Amino acid sequence: MAGFGDILKLMSHAKELQANAAKLKEELPQLEFSSSTANGGVSVTVGGDFTVRKIVIAPEMLGDKEFLEKELTDALNSAFGSARTAMQERMKDVTGSLGIDLPAF
């Protein structure tokens, strides 16, 4: 059976987790992640809240619709992957002291 000290320690960790999670929730929309295709024809920026913020397409990319679609898809997937990785790392920072492994985004 857990002692009173253990219960107080657990409550303290829970408050810490709650405060850190609230801070993270405020920070996420402010974060931005950018990616460009290898040829630089498409650049995208996404937010930490998984919204598309900006898409830049080089004029020479406008002639080949299928290639442009592939490049745009690749750039978006790369930027969202960066955002997902950063979020997972930040969640580890938030929950690390408690030994809680929250599911990935």
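Phe80 is buried, with a relative accessible area of 18%; here buried means under 20%, exposed over 50% and partly exposed in between, using a 1.4 Å probe and protein chains only. Keep in mind that this is a predicted model, where local features need pLDDT of at least 70, side-chain atom pairs count only at pLDDT 80 or more, and totals for chains, interfaces and linings use all residues. Numbering starts from 1 along each chain as its sequence is written, and side-chain values use heavy atoms, with hydrogens and water left out.

So which residue pairs with Phe80? The count comes to one aromatic pair, given that ring centres must lie within 6.5 Å (six-membered ring for Trp; planes under 30 degrees apart are stacked, over 60 edge-to-face, the rest tilted). Phe50 and Phe80 are stacked, at 6.0 Å centre to centre and 20 degrees between the planes. The two sit 30 residues apart: Phe50 in the loop between β2 (42-47) and β3 (52-57), Phe80 in helix α2 (residues 65-95). Helices (H or I, at least four residues) and strands (E, at least two) are DSSP runs, numbered from the N terminus.

Now for the core, meaning buried Ala, Val, Leu, Ile, Met, Phe, Trp, Tyr and Cys residues joined through side-chain atoms within 4.5 Å. The largest nonpolar core has 19 residues, and Phe33, Val42, Val44 and Val46 have the most contacts inside it. Its largest share, 10 residues, comes from α2. Leaving out residues up to four places away in sequence, Val46 touches Phe80, Phe33, Glu32 and Arg53, among others; contact means heavy atoms within 4.5 Å.

On to charges: the whole structure has seven salt bridges, each a side-chain nitrogen of Lys or Arg within 4 Å of a carboxyl oxygen of Asp or Glu. Three of them:

| Salt bridge | N to O distance |
|---|---|
| Glu27 and Lys23 | 4.0 Å |
| Glu32 and Arg53 | 3.3 Å |
| Arg53 and Asp49 | 3.0 Å |

Arg53 is partly exposed at 33%, and Asp49 is partly exposed too, at 35%. Shared partners join Lys23, Glu27 and Arg90 into one salt-bridge network. Glu27 and Lys23 are four residues apart in helix α1, so about one helical turn separates them.

Helix α1 (residues 4-27) also holds Phe4, which is exposed at 63% relative accessibility. Phe4, Ile7, Leu8 and Met11 form a nonpolar surface patch with about 420 Å² of accessible area together.

Terms used:
Patches are made of residues with over 30% relative accessible area and no salt bridge: like charges are joined within 9 Å, nonpolar side chains (Val, Leu, Ile, Met, Phe, Trp, Tyr) within 5 Å. Accessible areas come from the Shrake-Rupley method with a 1.4 Å probe; for residues, only the protein chains shown count as cover.
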